[in-house]
Amino acid sequence: MLKLKVNNQDVEVEEGLTVLQACEKAGVEIPRFCYHEKLSIAGNCRMCLVEIEKSPKPVASCAMPATEGMNIKTNTKFVEKARKGVMEFLLANHPLDCPVCDQGGECDLQDQSMFYGVDKSRYKENKRFVPEKYMGPLIKTQMTRCIHCTRCIRFATEIAGVSELGAIGRGENMQITTYLEKSMESELSANVVDLCPVGALTSKPYVFEARPWELKKTESIDVMDAVGSNIRIDTYGWEVKRILPRINEDINEEWISDKTRYARDGLLNQRLDTPFVKYNNKFDKASWREAINIIKERIKETDKDKICGFTGDLVNMETLYIFKEFFNKCLNSNNIDFRNSHSYLNSEIRENYLFNSGINGIEESDFIFLVGSNPRFEATMLNARIRKAYLKNKLKIVSLNNVGDLTYPYECLNGKTEDIKNILEGKNSISKDIINSKKPIIILGQSILSCNSGKYIFETIKSFLKKNGKINSEWNAFNIISENASTVGSIDLGIFQTVDGSNNTLSKLENNKFEIVFLLGQDSLNFKKKNEFIIYQGSHGDKGAEIADIILPGAAYTEQNGFFTNLEGKLQKAFKASYPPGEAKEDWKIINDLAESIIGKKLFKDKEELDSSLLNYLNLENEKKSSRKDSVVDNLVFNNEQIKLNNIDYYYSNVIARSSKTMFNCRNEKFKLKSTGTEG
Amino acid sequence: MSLKKISKEQPEQFKFNEKNCEIAKKILSNYPEGKQQSAVMPLLYLVQEQNENWIPLAAMKYIAKFLNMPYIKVYEVATFYSMYNLSPVGKNFIQVCTTTPCMIRGAHKIVEACKEKISKNENELSEDKKCSWVEVECLGACVNAPMMQINKDYYEDLDKEKTLKILDQILKGESPKPGSYRGRLNSEPENNRKTLLDIKNA
């Protein structure tokens with residue numbers, strides 16, 4: 001510990017901190033533009049000047065290490081004069097266009113110039129002009145406003161792992177640009193908008209949409225992938241105007257992916273706002289009573305065993321739970337499943353379907369083995385963490401398949417199931433790597449679980465890790481990347497019916513054994529429709545609604561309170577920021593109403609009863625699972641096959657993203673880059 | 001100095017010739033293992049030597065791949081330094097020093113000569129596209145002011161007439177003799193020595 005003084009107050013701080021961090025510990029705020037906790041130190045904006053005793057000149061506190069006995073002063077005339085001088089230089093070339101700047105109201109430069117700005121300019125010279133740069137469909141540039149803090153460059157190189165931004169020219173002619181003004185090819189690119197302390201980089205889809213003080217802010221959870229990034233939803237009336245990251249060091253730190261941020265305009269398009277009934281292959285608008293009555297009659301006529309339900313990727317846990325209750329209590333069956341493929345599932349204990357090492361645990365790891373997974377597209381924030389770990393520890397990363405650029409170097413195997421067999425039998429040097437490393441991480445993706453030898457690979461890798469002591473009370477090397485936001489919640493709630501981990505309900509559906517199919521936000525089911533009567537409940541008119549006979553309009557994740565469990569098994573709550581459009585209702589209410597019409601009474605009195613019942617059920621289930629011992633599965637059949645990774649259309653992965661114009665533009669941009677071969 | 005314009009006409013491809021490949025490998029070996037990217041500056045200079053004194057975009061890409069670094073990083077370096085030319089300057093690139101000592105000794109006369117013989121403005125190619133001139137800051141030959149540099153050679157102790165003569169030769173494709181044009185050896189004192197008389201070898 002170091003003892004030093006900040007403004008004559010004694011403070012003790014750890015070693016290795018900078019003066020700025022030490023001041024922050026002492027509760028003294030220091031203005032800054034270029035310094036950012038998560039980025040490397042640049043020290044080029046000079047706004048953080050402080051006075052240090054015995055130093056004749058003011059010192060840039062962000063780049064100065066704190067040392068024993070320092071006497072730091074931040075509130076003297078000397079410091080104020082220095083900062084005022086810096087501010088004057090920063091404003092020398094900064095345009096006075098705050099009234100038309102999107103950053104207005106949340107601009108660091110604007111805020112700090114309230115304290116350190118001079119009211120009159122002493123410059124008679126012309127301000128410089130910098131042409132706008134093209135940085136892709138998400139980032140709008142207005143480079144005249146740039147103060148060259150280089151945060152964006154550092155973010156792109158360090159965290160996003162794409163060195164595409166840079167500063168060209170020098171002195172007054174310095175300009176921030178991408179190489180030849182190509183768009184940034186990263187799934188994290190829009191975070192530079194948050195990082196930019198001025199209005200140089202602003203959000204293109206949000207341009208001139210709203211001022212920050214007009215928006216209602218709701219803290220919530222993202223559902224675009226299973227990571228469960230923490231977000232803040234800004235709404236203006238009904239419309240979700242923008243989505244911003246919220247700091248959560250355990251999950252997304254302070255970044256979010258572009259899909260999380262910009263799929264929001266999909267919430268406005270293709271919405272189902274009233275119930276529809278199909279007559280003669282044409283959808284007609286209907287009232288709720290009409291729609292529910294039709295369903296009731298149909299269900300009455302049908303054998304209960306011939307009704308099945310499939311739940312989708314964005315459904316919250318309350319809805320999943322009431323859906324299960326509906327099937328169990330109203331239909332006395334359990335023909336429900338959340339999987340849209342024949343992927344292997346072992347839900348004996350909770351560790352069998354979670355990311356057990358934890359997202360934070362990635363940073364401690366010393367060896368990572370990716371088995372049939374492309375984390376860059378399956379869980380973008382998790383991939384950013386792997387990159388962070390790579391930069392920190394230079395750890396070895398091996399992937400079974402060649403999955404393209406992951407923003408960090410990795411070793412490639414052949415992508416054959418035989419490779420895994422060899423590793424597990426000790427015939428490959430990688431098995432030694434796993435055994436010798438203290439905290440290895442083996443990541444299984446969805447592609448591996450849905451291939452023919454999915455069961456074999458899943459069980460043998462697990463027993464291999466157990467045998468070598470890599471699954472113990474302190475460290476669990478066995479990790480699954482879940483596909484969707486609802487996956488872990490669905491398994492926790494038991495939304496499946498399985499013998500040996502297979503998907504029976506889906507097999508039956510494929511053989512057209514069902515007469516009524518209830519799709520709860522499920523849009524990615526592949527089966528040949530024969531005579532099934534299909535009920536679709538969801539928020540968007542997409543593939544599921546297209547094949548439906550009756551459509552019940554539900555709410556999107558921003559329009560209802562709901563629990564989601566992320567891939568680590570963390571239960572998080574998404575809050576209601578807006579309300580469902582038109583006649584649409586919150587999902588749980590629809591099923592509750594449906595149950596009322598069938599059995600004559602509601603399943604749950606109100607949301608509170610549902611919530612407490614859900615949480616009770618979860619606690620009981622989890623206790624049951626944790627008291628259980630993982631049994632050994634035998635009868636494993638090995639197939640030698642080439643593992644094909646599921647083709648992930650990153651910008652088109654769910655209904656909201658598919659309805660979003662911004663995502664459409666991003667997708668086109670990506671194809672354009674690919675087709676011109678400028679990818680690298 | 002304004003931002004350096006990147007030429008609109010760009011060659012499709014660039015590759016070091018055999019000789020320069022050897023030199024490049026030698027340059028690389030000067031740097032310790034893992035620090036090879038530091039060679040970006042000498043390599044860019046080598047490109048300039050091979051490619052008539054300028055660096056096309058294709059060459060930047062080539063070097064980025066050669067050193068295994070992002071394109072933008074090479075681009076940054078190339079745009080930062082004033083001695084890298086990013087558009088064609090001709091086979092004979094003339095740099096006229098106009099910093100104070102040369103200016104006092106009549107550098108503007110040399111500039112005049114360049115304007116007459118080569119092109120009206122600096123950074124402009126001559127009619128045969130083989131030559132251009134530019135005013136630069138001190139080239140470190142103040143003792144022999146005024147002076148100019150043509151490609152790698154210094155032409156010193158000039159006046160307007162001598163410059164015109166040199167430029168004529170250059171435009172004809174000849175290579176005039178570099179060095180002092182008042183008969184001095186390097187920067188020795190003119191006429192008789194007036195200092196250090198007692199030291200023989202001075």
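Two strands are taken to pair if DSSP finds at least two bridges between them, and strands (E, at least two residues) and helices (H or I, at least four) are DSSP runs numbered from the N terminus. The structure is a predicted model, in which local features need pLDDT of at least 70 and side-chain atom pairs count only at pLDDT 80 or more, while totals for chains, interfaces and linings use all residues. Residues are numbered from 1 along each chain as its sequence is written, and chains are lettered from A and ligands numbered from 1 in the order in which they are written.

In chain A, strand β22 (residues 516-520) is joined by five bridges to the parallel strand β23 (residues 533-538), where Y536(A) stands opposite L519(A). Five bridges also link β22(A) to strand β15 (residues 307-311), again in parallel, and F518(A) is the bridge partner of G309(A). Five of the five residues of β22(A) are buried, that is, with 20 or more other C-beta atoms within 10 Å of their own, C-beta atoms being placed from the backbone. I516(A), F518(A) and L520(A) cover one face, and V517(A) and L519(A) lie on the other.

Helix α14 (residues 454-467) of chain A reaches 20 Å from its first C-alpha to its last, close to the 20 Å expected for its 14 residues, the expected span being 1.5 Å times one less than the number of residues. Its buried residues include Y456(A), F458(A), I461(A) and L465(A). Just after the helix, G469(A) takes a positive phi of about 70 degrees.

Note on methods
A residue is buried if 20 or more other C-beta atoms lie within 10 Å of its own, exposed if 12 or fewer, and partly exposed in between; C-beta atoms are placed from the backbone.
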